[in-house]
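Reader: I'm new to reading structures like this. Could you walk me through a few features, one by one?

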Amino acid sequence: MTEHTSDFELVIRPKYGLLDLNWKELKEYHELLFFLALREIKIRYKQTVMGASWAVLQPLFTMIVFTLIFGGLAQMPSEGIPYALFSYSGLLLWTYFQNALSGAGNSLVDNAPLLSKVYMPRLFIPTAPCLAGIVDYGIAMTILAAMMVYYQFVPTAAILLLPVIVLLTFLLAAGTGYWLSSICVKYRDVKFALPFFVQLLMFVSPVIYPTDIVGGNLQWLLSLNPLTGLLNAHRAVLLGHVPVDYVGLGVSAAITLAVFVSGVLYLRRTEKYFADLV
């Protein structure tokens with residue numbers, strides 16, 4: 001007779017209230033989050049001819065089209081800088097947010113076998129696409145660096161804020177992803193509505209136009225979009241053509257933190273039903 005022994009003991013205990021996050025468990029499984037993010041990157045470019053080049057090609061070709069249409073034909077203002085540089089610096093952050101949100105929103109349904117067969121912090125599944133997207137953001141940044149050299153733009157000391165802006169964008173994508181992925185488990189309508197929602201969100205965010213072309217009566221409404229402060233600050237710290245709007249960035253940061261915390265709480269509240277519904 002063979003006796004099996006183990007040094008590990010897994011204790012699953014009931015939750016006590018909405019704020020009961022098991023930090024010890026999250027720390028113990030942190031390597032799993034890394035491998036989930038690595039898997040996202042490998043799956044994304046598996047069996048592609050261009051590989052990671054798609055991280056550059058997507059915002060680059062979008063910038064070219066926008067520059068021809070909005071910068072050339074429509075003569076869209078661009079805060080006194082070349083429109084190609086204006087649009088690409090916005091598209092860089094927007095493309096990261098778009099891909100992270102799309103990946104996170106469908107992640108729980110797409111990973112149904114993991115939910116039903118493997119125990120892990122459910123929070124990691126929508127977080128992984130948001131982490132993986134940062135790699136694409138870094139690759140696409142090389143094109144912006146080349147454009148800044150070509151147009152002779154030198155970043156100022158404000159560029160030290162760039163990691164904070166990227167972190168806030170990550171939290172916004174992850175928090176929104178927690179909400180949408182949790183709802184998607186029960187209502188698959190989210191899967192079909194998400195691309196339409198993301199497309200609309202781009203046009204109500206200052207990706208291809210400066211904020212000051214919006215009328216005064218609608219400025220307050222635009223400021224409620226957390227991407228407004230993040231996109232404006234992202235351009236300002238990279239190009240240094242205008243001062244950083246710290247008030248707008250502060251409003252965006254407050255809304256972003258509210259979305260992230262509420263998203264975590266909602267996912268934690270609903271995760272006990274996931275395995276039964278997927």
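Reader: Let's begin with charged side chains. Which side chain does Glu 271 meet in a salt bridge?

Author: Before we start, keep in mind that this is a predicted model. To spot a salt bridge, look for a side-chain nitrogen of Lys or Arg within 4 Å of a carboxyl oxygen of Asp or Glu. Here, Glu 271 pairs with Arg 268, at 3.1 Å from N to O. The structure holds one salt bridge.

Reader: Are those two partners buried or exposed?

Author: The idea is to check the relative accessible area: under 20% is buried, over 50% is exposed. Glu 271 has 11% relative accessibility, so it counts as buried. Arg 268 is buried too, because its relative accessible area is 15%.

Reader: Okay, now the outside. Which residues form a nonpolar patch on the surface?

Author: For a patch like this, you look for nonpolar side chains with over 30% relative accessible area, joined within 5 Å. In this structure, Phe 61, Ile 64, Val 65, Leu 68, Ile 69 and Leu 73 make one, and together they have about 610 Å² of accessible area. Take Leu 73, which lies in helix α3, residues 54–73. Leu 73 has 73% relative accessibility, so it counts as exposed.

Reader: What does Leu 60 touch, beyond residues up to four places away in sequence?

Author: Contact means heavy atoms within 4.5 Å. Leu 60 also sits in helix α3, and the residues it touches are Tyr 88 and Ile 143. Have a look at Ala 140 as well: it is 80 residues from Leu 60 along the chain, yet their C-alpha atoms are separated by 8.4 Å.

Reader: How about helices packing together? What is the angle between α8 and α9?

Author: Helix α8 covers residues 162–186 and helix α9 covers residues 189–203; they pack at about 140°, with axes 7 Å apart. That angle is why α8 and α9 are oblique to each other. Where they meet, α8 brings Leu 180, Ile 183 and Cys 184, while α9 brings Val 190, Lys 191 and Leu 194.

How values were computed
Residues numbered from 1 in each chain as written. Predicted model: local features only at pLDDT ≥ 70, side-chain atom pairs only at ≥ 80, totals over all residues. Heavy atoms only, no water. Patch = residues over 30% accessible without salt bridge, like charges linked within 9 Å, V, L, I, M, F, W, Y side chains within 5 Å. Areas by Shrake-Rupley, 256 points an atom, 1.4 Å probe, with all protein chains shown as cover. Helix = DSSP H or I, 4+ residues; strand = E, 2+ residues; numbered from the N terminus. Buried < 20%, exposed > 50% of the residue type's maximum accessible area, 1.4 Å probe, protein only. Axes fitted to C-alpha atoms, helices over the stretch in contact; angles between N-to-C directions. Parallel < 35°, antiparallel > 145°, perpendicular 65-115°, else oblique.
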